[in-house]
Amino acid sequence: MCTVCGCGTATVEAGTGAGGEAQGHEHPHEHPHDHSHAHDHDHSHDDDHYPHDHADHGHSHDHGHHHADHGHDHVHRGEAIDFGAGLAGVHVAGLDQHRIVRIERDILSKNAAFARANRARLTARGIFTLNLVSSPGSGKTSLLVRTILDLKPRFPLAVIEGDQQTSNDAERIRATGVPALQVNTGKGCHLDAHMVGHALDTLDPRPASLLFIENVGNLVCPAAFDLGETHKVVVLSVTEGEDKPLKYPDMFAAADLMLLNKSDLLPYVDFDVTACMANALRVNPRLQILTVSARTGEGLQAFYAWIEAHAAKAVASTP
């Protein structure tokens, strides 16, 4: 994993409704929310530790950083959460490999604690959650829009959108009439479980709903960060090359389903579908693979059947 991932300022916009306007700002402050604890820390720091040096939800904690109390609850419509500078500057002269490994392990252990809290929260409400991962340009957002339009009559839906900047993708989702929340990671190259936990506070998906998390376009770091999702779904387009699973094996090993997208372009590109599938299964023999097209709808009914079967299990396992 990259030891500088998560650096920069991440914000969660608060406008979640279809067509709703949202604006963001940075604000280090105390923000209690429905995990029954408060975080009291400055979100903008440049030291070499994880941006939220605390473990699982269910307690209060003080980082000792200066803070400003804005005198309001966690987040309101039209506001944003600043997640901080994180690991900026970890790869510096004199930082030995042992320390880098320790920092990496510390990051992942803290993220795992937040992911467990997210998963418990989602499971308790029977929410089936897919973490969509891919490289940029795979057609992930177009595929998600088509999926939402087709599934909206069958399920309550909600979306968390992750990008470094802009709310363009969240706006595309809201245009379908489905609530979406944009998380901008700044220089960060992936979403983490703490960001998703805050997004859940604001988005508040309905019980027995489908929650889609569209991660930042990146086939490296998102593989290592559990968000509390039910499944990771990796999207690969036929324009990218059939050796991608071998070049980025961690992501394909972490996924439960691969969607080979843009199948409508196969007549026009030099892409070996059989070789691509063989490469993916070489990395992950249990990986399920579907060939789909967001443009023509090819293969999407099989994807929807996969969702419905697995969502039914999520609801059945609700305590």
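Tutor: Contact means that heavy atoms lie within 4.5 Å. Keep in mind that this model is predicted.

Student: Which residues does His 310 touch, not counting residues up to four places away in sequence?

Tutor: Start with its place: His 310 sits in helix α8. Its relative accessible area is 17%, and buried means under 20%, so His 310 is buried. Leaving out residues up to four places away in sequence, the partners of His 310 are Phe 128, His 231 and Gln 288.

Student: How many helices and strands does the protein chain have, and what share of its residues is buried?

Tutor: Secondary structure comes to 8 helices and 10 strands. The protein chain has 319 residues. Of these, the buried share is 55%.

Student: What part of the contacts with a separation of 6 or more joins residues 24 or more positions apart?

Tutor: Take the contacts in the protein chain with a separation of 6 or more. Then keep those between residues 24 or more positions apart. Their share is 75%.

Student: Which element gives the most to the largest nonpolar core?

Tutor: This core has 31 residues, and Leu 130, Leu 210, Phe 212, Leu 259, Phe 303 and Ile 307 touch the most other members. Elements that each supply at least two residues include β4 (128-134), β7 (210-214) and β9 (257-261). The top contribution is 7 residues, and its source is α8.

Student: Which residues is Ile 307 in contact with, leaving aside its neighbours within four places in sequence?

Tutor: Ile 307 is one of the core residues that touch the most other members. Set aside its neighbours within four places in sequence. The contacts of Ile 307 are then Phe 128, Leu 130, Thr 147, Leu 151, Leu 210 and Phe 212.

Student: How much space lies in the largest pocket, and which residues are closest to its centre?

Tutor: The largest pocket holds about 160 Å³ of space. Its lining has 16 residues. Closest to the centre are Gly 137, Lys 140, Thr 141, Asp 169 and Glu 214.

Student: Is Leu 260 buried or exposed?

Tutor: Leu 260 is found in strand β9. Its C-alpha atom is 8.6 Å from that of Val 234, 26 residues apart in sequence. Beyond four places in sequence, its contacts include Leu 236, Phe 271, Cys 276 and Leu 290. Relative accessibility is 0%, so Leu 260 is buried.

Student: What distance separates the C-alpha atoms of Ala 199 and Glu 13?

Tutor: Ala 199 lies in helix α4, and at 0% relative accessibility it counts as buried. Among its contacts beyond four places in sequence are Val 12 and Ile 160. Glu 13 is 186 residues away along the chain. The C-alpha separation is 8.5 Å.

Student: Where is Pro 285 found, and what separates its C-alpha atom from that of Ala 253?

Tutor: Pro 285 is in the loop between α7 and β10 (288-291). Its relative accessible area is 68%, so Pro 285 is exposed. Ala 253 is 32 residues away along the chain. The C-alpha distance is 8.7 Å.

Student: What is phi of Asp 204 near?

Tutor: Asp 204 lies in the loop between α4 (193-203) and β7. At 42% relative accessibility, Asp 204 counts as partly exposed. Its phi is positive, in a residue other than glycine, and near 50°.

Student: And what is phi of Lys 262 near?

Tutor: Lys 262 has its place in the loop between β9 and α7 (273-283). Relative accessibility is 21%, so Lys 262 counts as partly exposed. Phi of Lys 262 is again a positive value in a residue other than glycine, near 65°.

Conventions: Residues are numbered from 1 along each chain as its sequence is written. This is a predicted model: local features need pLDDT of at least 70, side-chain atom pairs count only at pLDDT 80 or more; totals for chains, interfaces and linings use all residues. Side-chain values use heavy atoms; hydrogens and water are left out. On a 1 Å grid over the protein atoms alone, a cavity is a set of points where a 1.4 Å probe fits but cannot get out, and a pocket is an open set with protein on both sides within 12 Å along at least five of seven lines; lining residues have an atom within 4 Å of a point. Grid points are joined across faces, edges and corners, and a volume is the space filled by probe spheres set on the points. A nonpolar core is a set of buried Ala, Val, Leu, Ile, Met, Phe, Trp, Tyr and Cys residues joined through side-chain atoms within 4.5 Å. Buried means under 20% relative accessible area, exposed over 50%, partly exposed in between (1.4 Å probe, protein chains only). Helices (H or I, at least four residues) and strands (E, at least two) are DSSP runs, numbered from the N terminus.
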